[in-house]
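Me: I have a model open and want to learn how to read it. Take me through it feature by feature, please.

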Amino acid sequence: MHLLSVEHITKSHGEKLLFEDVTFGVEEGDRIGIIGVNGTGKSTLLKVIAGIEPADAGTVSVGSRVRIRMLAQDPAFAPGETALEHVLGGDSPQLAAVREYAAALAALESEPDDPSLQRRLAAANARMEEAEAWQVESEAKTALSRLGIADSGAKVETMSGGQRKRVAMAAALLQPADVLILDEPTNHIDNESVAWLEAMLQKRRGALLMITHDRYFLDRVSNRVIELDKGRAFFYEANYSRFLELKLEREEREAASEEKRQNLLRNELAWIRRGAQARSTKQKARIDRYEALKAQTPKAAAGRLDVSAASTRLGRKIAELEHVTKSYGDRTLIRDFSYIAVPEDRVGIVGRNGSGKSTLLKLIAGRLRPDSGTAELGPTVKLGWFSQEHEEMDGSQRVIEYIREGAEQIRTAEGETLSAGQMLERFLFPPAMQWTPIAKLSGGEKRRLQLLRVLTEAPNVLLLDEPTNDLDIATLGVLEDYLDDFPGVVFVVSHDRYFLDRTVDRIFAFEGDGVVAVHAGNYSDYEARVKQAPESGPEPKIASSGGVSAAPRTGEREKSLKMSYKDQKDFEQIDGWIEETENRLQDVAAQMEASGSDSFRLQELLEEQRLLAEKLDGLLERWTELNELAERIAAQKKNT
């Protein structure tokens, strides 16, 4: 069944062309994912289709009985409205029956002997039966619960931005619509809620148009992809995995076509330079062909992000948490948690919303103090903090001023020095955009700018709090490539399963009652072990001090390798001790040469040399022991 048609629509913001001459249709059963770099007009396209914004040109034709419902990034709510009231606020007969029954029941409870109210409740009860609406309220509460809203009677105005978005999503899913439009539906919900939403949309009838950065979600839910690229729209009858293949084929065809055009241009230009006589009809036609070829300049492809910021050297001591506990009121978020970060750690932090993931990052960063225990950073640590919100950004500040505040000159990983403006261009902020106030940027552009600011300050420990929220897929891919080569340590809170699989090799999982368990492997490894845990018993976990447990053998789990506190301290300082001893030996040797005629002084120096040599031998033996232990820990971690 055909639901709507988009015909030759064009939209600009000021002088910026978002998209031009876009045409496509939507059929029942279509699940369309819309992707593109931030700022290409994805959200605007959805608003034009939903009738929220007008197109500059073209039309959107919707069937007379087709209902469109859009979940916006910033949904609106009525004053004093509860979460359940908002979800039940649709115009279907079932929802109307539920609201009337709830109102009649509440009225009768206040005046139980009123005959008119008794008749009203009986009529509402009959209407519920007629509309088959008894399950609707239960489904509404279930949807809210699965999306992390435990109290369906809570006032929406008292909720956080993320909670409001989840209430609006529950309403969008429950209220009937032939075309459901979702703008970043996976933002602000935890991994369990994403999996539930994925299953709901796979079963849902009607059509779906959505913007999402979650590549697993997009791959499993979509069957069509629209890519916005520099004002053009490209259409693919495919899910995300197949889209990547088809896009590569398209780009190869375009590259071959452009190479052929350039060859023809070179040949025609050489002919013209030989002095063609333009008066003859034949030669004039050839010159016209040259001009036509020259005018066929292809539209620029989407810009390519280039993340190549340098990092600062990181010492042995990185981050140490010893028996950390943190509570708010009578609720314990983190209980007796210990961990010692090791070089090149890649840690993903997962758990339900509100479980304490961001709190743990703040404890690591020193922005919060634990109620008990200690959290310390090494002296060479330079933190890069990428937060969920734009709380550290002044909306009146201009884009280039924000970056210059961090660094006027930026050194790349290759040793090249760039100005703030040049680095902004690499991050798809052209010169004309660099003097734009931050408040005028889209949500995704703000996130991209904040990420650039973090990376240009050359951190060696990155704390990423929901980095995938509002970042487009292209930027996420570049960030993942950057983390591959990043020599420091990364702690990341994320609900994006693809991003976690791509970037981390151990998981901190909040398992309730303040317990933070540490698991080896990426998110898919962790998820697989959790699913099989009820059948196979407790899953193997890695030691919270950075050591790794080996696989169980003969029904018994091998003890995980780890460094003791003294080992860790020695490991951090032993290189300096060896260097100091070697330098002292060189000094003694120089003094011996200068004291050749003083036999008494020479004897003293010989004894000192002997003691230093013995000390150096002991230090080298200890260095070998500690490095072998570190290598075994790394190997065990890799094999777990």
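Me: How many helices and strands make up the secondary structure of the protein?

Reply: Helices (H or I, at least four residues) and strands (E, at least two) are DSSP runs, numbered from the N terminus. Here they come to 19 helices and 20 strands. This is a predicted model: local features need pLDDT of at least 70, side-chain atom pairs count only at pLDDT 80 or more, and totals for chains, interfaces and linings use all residues. Residues are numbered from 1 along each chain as its sequence is written, and side-chain values use heavy atoms, with hydrogens and water left out.

Me: What pLDDT does the protein average?

Reply: pLDDT is the predictor's confidence in each residue, from 0 to 100. The protein averages 81, and 85% of the residues score at least 70.

Me: Where does pLDDT stay under 50?

Reply: Over residues 535-559. The model has 60 contacts beyond four places in sequence for that stretch; a contact means heavy atoms within 4.5 Å. Where pLDDT is low, the predicted coordinates should not be read in detail.

Me: What share of the residues is buried?

Reply: Buried means under 20% relative accessible area, exposed over 50%, and partly exposed in between (1.4 Å probe, protein chains only). Of the 640 residues in the protein, 48% are buried. Now the contacts. Take those between residues at least 6 apart in sequence: 66% of them join residues at least 24 apart.

Me: How do I read a single helix? What span should helix α4 have?

Reply: The expected span is 1.5 Å times one less than the number of residues. Helix α4 covers residues 115-131, which is 17 residues, so it should span 24 Å. Its end C-alpha atoms are 24 Å apart, which agrees.

Me: Which residues of α4 are buried, and which are exposed on the other side?

Reply: Leu117, Leu121, Ala124, Met128 and Ala131 are the buried ones. The buried residues pack against α3 (93-110) and α5 (134-146). On the other side, Arg119 and Glu130 are exposed. After α4 comes glutamate 132, with a positive phi near 50°.

Me: What follows helix α1?

Reply: Glycine 51, whose phi is positive, near 85°. Helix α1 itself runs over residues 42-50, and its buried residues include Leu45, Leu46, Val48 and Ile49. Lys42 is also among them.

Me: Is lysine 247 buried or exposed?

Reply: Lysine 247 counts as buried, at 19% relative accessibility. Its place is in helix α9 (residues 240-273). Leaving out residues up to four places away in sequence, lysine 247 touches Glu227 and Tyr236.

Me: Now the rings. How many aromatic pairs does the structure hold?

Reply: A pair of aromatic rings is described by the distance of the centres and the angle of the planes. Rings of Phe, Tyr and Trp (its six-membered ring) pair if their centres lie within 6.5 Å; planes under 30 degrees apart count as stacked, over 60 as edge-to-face and the rest as tilted. The structure holds 9 such pairs. Take tyrosine 339 and phenylalanine 508: the centres are 4.9 Å apart and the planes stand at 75°, so the pair is edge-to-face.

Me: Which strands hold tyrosine 339 and phenylalanine 508?

Reply: Tyrosine 339 lies in strand β11 (residues 331-340) and phenylalanine 508 in strand β19 (residues 506-510), so the pair ties together parts that are 169 residues apart in sequence. Both residues are buried. Tyrosine 482 and phenylalanine 486 make a tilted pair, at 5.7 Å centre to centre and 35° between the planes. Tyrosine 482 is buried at 8% relative accessible area, and phenylalanine 486 is buried at 3%.

Me: Which residues form one aromatic cluster?

Reply: Phe337, Tyr339, Phe491 and Phe508.

Me: What lies over the face of tryptophan 385?

Reply: A charge sits over a ring if NZ of Lys or CZ of Arg is within 6 Å of the ring centre and within 35 degrees of the ring normal. Arginine 367 takes that place over tryptophan 385, at 4.2 Å from the ring centre. Arginine 448 lies over the face of phenylalanine 429, at 5.1 Å from the ring centre.
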